[in-house]
Amino acid sequence: MIPAGFKGRATRLTDIDVARTARLIGAGEDEIRAVIEVETSGGGFDGQGRSKMLFEPHVFWRELGPGQKRATAEASGLAYQRWGSAPYPKDSYPRLALAMKVDTNAALRSASWGLGQILGGNHKAAGFATPGDMVEAFCHSEVAQLEAMISFIISEGLDDELRRHDWSAFARGYNGPGYATHGYHTKLAAAFKKWQGIPDTLAPAYPKIGLGSRGDAVRHAQQRLTTLGFDPRGVDGIFGANTRTSTIAFQKSAGLKQDGIIGPKTWPALLKEN
């Protein structure tokens, strides 16, 4: 169920989430961050903790089809045939709320959501049975938003274009035939170049951590161990005896060397989605 006011847990993305998700399509962090930056300036939630969203009246017009609902929406300024017929408001949620009174499903399908600005009508390509399911997940987690973006990229056959940095071809498939008018390809190229100049979180390999290690990498490892059922007795960013015991138990379950050290072989197994 979509939370009231579209305000869910609003769990933020971590750097390791980006690196892990990029590996799903053989891309690097820089490519993924470039897409996120161009689509939503780097964040999936707005200032009120809602999933970032843009309601598209021209899509709503198409989704409603001929009939009384379309006529009602047009009369209220909620739907029109051509993109650009009227300026978009700074906050699309009031407009969405009105559109949902006309037709909830069509309204959800007519908005772009989350980090990757996935159109609700593309929910299946993003891995969800209904647009409502997608919106609900997006209200709670930027990880869900990012994984949906990756699913959409794969579904549309754009992963190869992303890997080879063919920004024109990628933008054409991701943003539509009018991509050049809005300069999506040049924005993507510029964002990618910027991120290439910033060291990756896990480059050139996952950080090797063990007893005595401290910091975000330890915290992320503890979070993953907890999620997978290997409780390290707290997520504090300190690799102590309990974290080592949990790591060894996880390594045993994964058929890995049980040395209590999270390195190049343990990280991929730990970060793998079940």
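This is a predicted model: local features need pLDDT of at least 70, side-chain atom pairs count only at pLDDT 80 or more; totals for chains, interfaces and linings use all residues.
On the side of domain 1 that touches domain 3, the residues comprise one nonpolar, one polar and two charged.

The two domains belong to a chain that is divided into three parts: domain 1 (4–48 + 125–196), domain 2 (53–113) and domain 3 (213–271). The C-alpha centres of domain 1 and domain 3 are separated by 28 Å. Contact between them involves four residues of domain 1 and five residues of domain 3. The size of an interface is often expressed as the accessible area lost when the parts come together. For domain 1 and domain 3, the buried area is about 420 Å², of which 78% falls on carbon and sulfur atoms. Within domain 1, the greatest losses of area to domain 3 occur at Thr14, Ile16 and Arg20, which together account for 83% of what that side buries.

Salt bridges were also counted in the model, giving 12. One of them joins Lys194 to Glu37, with the closest N and O atoms 2.7 Å apart. Lys194 belongs to helix 11 (residues 184–196) and Glu37 to helix 2 (residues 29–40), and the pair thus links distant parts of the chain, 157 residues apart.

Aromatic pairs number 10. Such a pair of rings is described by the distance of the centres and the angle of the planes. Phe6 and Tyr93 form a tilted pair, with 5.1 Å from centre to centre and 50° between the planes. Because Phe6 lies in the segment before helix 1 (15–23) and Tyr93 in helix 5 (residues 93–102), this pair ties together parts that are 87 residues apart in sequence.

Definitions and conventions. Residues are numbered from 1 along each chain as its sequence is written. Side-chain values use heavy atoms; hydrogens and water are left out. Domain bounds come from an automatic or database domain assignment. Contact means heavy atoms within 4.5 Å. Buried area is the accessible area (1.4 Å probe) that two parts lose on being put together, summed over both. Ala, Val, Leu, Ile, Met, Phe, Trp, Tyr, Cys and Pro count as nonpolar, Asp, Glu, Lys and Arg as charged, and the others, Gly among them, as polar. Rings of Phe, Tyr and Trp (its six-membered ring) pair if their centres lie within 6.5 Å; planes under 30 degrees apart count as stacked, over 60 as edge-to-face and the rest as tilted. Helices (H or I, at least four residues) and strands (E, at least two) are DSSP runs, numbered from the N terminus. A salt bridge is a side-chain nitrogen of Lys or Arg within 4 Å of a carboxyl oxygen of Asp or Glu.
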